[in-house]
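Subject: Handover of a structure, with notes

Dear colleague,

I am passing on to you the structure we spoke about, together with my notes on what was found in it. Please look through it first and then read on.

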Amino acid sequence: AGDGSGAVAGDGTGPPAPERVLFPPTFSVSEIKNKQRRHFMFLRWKQQQRKEKLALKKKRRKEREALGDKAPPKAIPKTIENQRVYDETTVDPNDEEVTFDEATDEFAPYFNRQTVPKILITTSDRPRGRTVRFCEQLATVIPNSHVYYRRGLALKRIIPQCIARDFTDLIVINEDRKIPNGLVLSHLPDGPTAHFRMSSVRLRKEIKRKGKEPTEHVPEVILNNFTTRLGHSIGRMFAALFPHDPQFIGRQVATFHNQRDYIFFRFHRYIFKSEKKVGIQELGPRFTLKLRSLQKGTFDSKFGEYEWIHKRREMDTNRRKFHL
Amino acid sequence: SSQVVWSMLGNRQFCSYKMTTKTQNFCRNEYNLTGLCNRSSCPLANSQYATVREEKGRCYLYMKTIERAAFPRRLWERVLLSKNYEKALEQIDENLIYWPRFLRHKCKQRFTKITQYLIRIRKLTLKRQRKLVPLRRKIERRENRREEKALIAAQLDNAIEKELLERLKQDTYGDIYNFPIHAFDKALQQQDAESESESDAEREEDDDEDVDKREFVEAEDSELSDFEDMDKLETSSEEEQEEEEEVEKKASHSKSKGKTPLKGPARRKRPYIEIEYEEETEPTTKTKAA
């Protein structure tokens, strides 16, 4: 069986010539019945395609060099981030309305340094080993946090007790089949409640090339890519978990990076090797979150007022539209 | 005739309600009093029989007598039992007054058990119910896939390093780190950028990217390739940009073919999917200025 490249005589200019039957007659790769031979022919065809593509690229590069100054600017490849549907709630850094809102919302006392964050971490009923260990590690990452076991207590009754004991935030890690898969983050004195779906949780021992234990120093916080109003409020929620004054001696940084509506959490220790180079070493657990719903008051599934819910049929259809 | 029925069905031949296990025989008949397959508990083999069954939280006493054996529709007589436990027991007693002891006893036992589980149901519904939400396989798969792609597109290490360097430049760390030189460097770079931008307005953006890109290339590629390319081309600014783009192209090429080894502990992620990325020019980040 000959290969099909003989038919591509390299003239795209004239009208498409009728199918020329060369000698020997050419087969298309998909007509070969024998799987092994077909696979082999396909690989050969692929290699040829790659060669042609490389040759084309070289030719284009030569042309570009030859033109020198007059070469047309390079084409920018399309990425999902480039093609993202413009969200009208994107925050403009100079927007006054947004700054006014942020000065008066529930996080204002935190950002005005009136309150010190105190976090309560708990789980759903009967947590299994992995979840328990994850809670402990999370408690080492977030300063001033306490882990309490939930023994069948109703959240609605825990919350007033927490408020009485001066807790500012509540984290509930939901577990299913021995792995943590959900996170409820609630800012306590009637703050917003965010419900996330948690995935790819890695404990400290599962992280390769990790450093030593995180120390007691207060870490810095990096929040990346929270562009819309919704993203902004979620970002503030995360920022409110950590005390306001990071201790730079500790050289630890907690990162919440939002990419295409997935929030990646990482905890690193950094060191500046020179003024242009920094090395980072991952400590601490890592996980990814996806926002499912944001509720205005504290946790109340039945009567709460939802600011935002993820509606699958409307929001998942467009691949270029993101909400955070 | 009940004897005949039993000797046929129960003992020897096939009874469709009978379920055998290793140790016991069970009876699946809904009117069976004890649930076992016995001579005295089989509703088919006893012409006088009684059961207690509950429907929607109310208990009924069902009775079957020999006089109605010919009328299958009227066979089972149903009596509603009172909600009060003791009164219901008395009702059972008076309805089954001259009936065999076995049936009376077993009926009361069954009634007791039913009331107990009804109470438990009512108590549990008051407590917190666990809501089971079914996972949809297609959606789970889709979300996992999108998460992987988002992770690759995010390039977390690079992003974090960039952010930290930004903060260093903006002096948020104060006097901890002694890198005074970089201020001069930055001023120099800015001056260069300005002089180049005077010549060509288009080049401004490229230059700004250049400033960042230069850092990138240093970190990513091996030193050798840098020097090689520098020797080949002239050192004019335009060509430098092209050189860097070429070098980047080369790097991405060679990375895709797996020839250059990965450099450094921080660059351990190798994307399986070649997603060409362009950085956003203004990522909105929160800087915690002390």
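Arg142(B) forms a salt bridge with Asp316(A), and the closest N and O atoms of the two are 3.2 Å apart. Since Arg142(B) belongs to helix H4 of chain B and Asp316(A) to the segment after H7 of chain A, the pair joins two chains. Asp316(A), for its part, is counted as buried, at 9% relative accessibility. Asp316(A) also forms a salt bridge with Arg146(B), where the closest N and O atoms are 3.9 Å apart. That pair again joins two chains, because Arg146(B) lies in helix H4 of chain B while Asp316(A) lies in the segment after H7 of chain A. With a relative accessible area of 28%, Arg146(B) is partly exposed.

Another salt bridge brings together the side chains of Glu140(B) and Arg197(A), at 3.1 Å from N to O. Here too the pair joins two chains, since Glu140(B) is placed in helix H4 (residues 137-154) of chain B and Arg197(A) in strand E5 (residues 193-202) of chain A. Glu140(B) counts as partly exposed at 23% relative accessibility, whereas Arg197(A), at 12%, counts as buried. Salt bridges with shared partners join Arg197(A), Lys290(A), Glu140(B) and Glu143(B) into one network. Over all chains, the structure holds 18 salt bridges.

Lys290(A), a member of that network, also has its charged end over the ring of Tyr262(A), 5.5 Å from the ring centre. In chain B, Arg53(B) lies over the face of Tyr62(B), at 5.2 Å from the centre of the ring.

Turning to the aromatic residues, a search of the whole structure finds 14 aromatic pairs over all chains. In one of them, Phe134(A) and Phe287(A), the ring centres are 5.5 Å apart and the planes stand at 85°, so the pair is edge-to-face. This pair links distant parts of the chain, with Phe134(A) in helix H4 (residues 129-141) of chain A and Phe287(A) in strand E9 (residues 278-295) of chain A, 153 residues apart. Phe134(A) is buried, with a relative accessible area of 0%, and Phe287(A) counts as buried at 5% relative accessibility. In chain B, the rings of Tyr31(B) and Trp76(B) have centres 4.1 Å apart and planes at 5°, so that pair is stacked. It too links distant parts of the chain, as Tyr31(B) is in the loop between strand E2 (25-27) and strand E3 (49-55) of chain B and Trp76(B) is in strand E5 (residues 76-80) of chain B, 45 residues apart. Tyr31(B) counts as buried, at 18% relative accessibility. Returning to chain A, one aromatic cluster is formed by Phe134(A), Phe196(A), Phe226(A), Phe238(A), Phe242(A), Phe256(A), Phe265(A) and Phe287(A).

His323(A) is 236 residues from Asp87(A) in sequence, yet their C-alpha atoms are 7.5 Å apart in space. Leaving aside residues up to four places away in sequence, His323(A) touches residues including Arg84(A), Asp87(A), Asp261(A) and Trp308(A).

As to the chains as a whole, chain A has seven helices and 10 strands, and 42% of its 324 residues are buried. Among its contacts between residues at least 6 apart in sequence, 64% join residues at least 24 apart. Chain B comes to nine helices and five strands, and of its 290 residues 28% count as buried; the corresponding share of contacts joining residues 24 or more positions apart is 45%.

A word of caution concerns confidence in chain A, where the average pLDDT is 84 and 91% of the residues score at least 70. Over residues 1-17 of chain A, however, pLDDT stays under 50, and the model has 13 contacts beyond four places in sequence for that stretch. Where pLDDT is low, the predicted coordinates should not be read in detail.

Definitions and conventions: Residues numbered from 1 in each chain as written. Chains lettered and ligands numbered in written order. Predicted model: local features only at pLDDT ≥ 70, side-chain atom pairs only at ≥ 80, totals over all residues. Heavy atoms only, no water. Phe/Tyr/Trp six-rings, centres within 6.5 Å; stacked < 30°, edge-to-face > 60°. Helix = DSSP H or I, 4+ residues; strand = E, 2+ residues; numbered from the N terminus. Buried < 20%, exposed > 50% of the residue type's maximum accessible area, 1.4 Å probe, protein only. Lys NZ or Arg CZ within 6 Å of the ring centre and 35° of its normal. Contact = heavy atoms within 4.5 Å. pLDDT = per-residue confidence, 0-100. Salt bridge = Lys/Arg side-chain N within 4 Å of Asp/Glu carboxyl O.
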